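Good morning, everyone, and thank you for making time for this short talk. Please take a moment to look at the sequence and the fold before I go through them.

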Amino acid sequence: MTRFTQEELEAARDRLVPDVVADGLHVLFCGINPGLMTAATGHHFARPGNRFWPVLHLSGFTPRLLKPAEQGELLSHGLGITNVVARATARADELSAEEYREGGRQLALKVARLRPRWLAVVGVTAYRAAFDDRKARVGPQDRVIGDTRVWVLPNPSGLNAHWTAQTMAEEFARLRVAAEGQPVRALRRR
């Protein structure tokens, strides 16, 4: 992996990272916003400590562990990536409440246009802020956007110590089973 200086990472602040999307995906994963490493590389979830790519594989969404630079391969699996807020920051706490709300509005428009089967927001705090749903918890939500169901997943950041890679993979796998067409009520939560 390319090593960046602090100055190079700072130069990536506020950059936009293109979505990896297509019409009719099985699951559109939605991060909070790009971090500086993601913005510097142009690859989603690029920070080495982020567990998104390992968890995606452990949960059965991908047949092998993909590297962030291979993000385009997600489309062949019916998967995509976007963000609640498009601009890159060093930390999510640099985002304002209004940015989250506007991001939620823009995300709903994007989902209505792309029509994925599921929208999977990675981070319950981001979901709560973007959709003004203070009671949301990890798992399937009552909210739908058009015909798209919504699932909140744990944040895969290495800073999220409440979830291990294994427990995250179990939750991601619950979504995978639902995306494959099994009714959510039939899924058992551990």
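Predicted model: local features only at pLDDT ≥ 70, side-chain atom pairs only at ≥ 80, totals over all residues.

Residues are numbered from 1 along each chain as its sequence is written, and side-chain values use heavy atoms, with hydrogens and water left out.

Strands here are DSSP runs of E of at least two residues, and helices are runs of H or I of at least four, numbered from the N terminus; two strands pair if DSSP finds at least two bridges between them.

These strands belong to an open sheet of five, in the order β2-β1-β3-β5-β4, with mixed pairing. Its edge strands, each pairing on one side only, are β2 (79-83) and β4 (139-145).

Turning to the aromatic rings, a search of the whole structure finds eight pairs, where rings of Phe, Tyr and Trp (its six-membered ring) pair if their centres lie within 6.5 Å, and planes under 30 degrees apart count as stacked, over 60 as edge-to-face and the rest as tilted. Among them is the pair of Phe29 and Phe61, which is edge-to-face, with 5.3 Å centre to centre and 85° between the planes. This pair links distant parts of the chain, since Phe29 sits in strand β1 and Phe61 in the loop between α3 (52-58) and β2, 32 residues apart.
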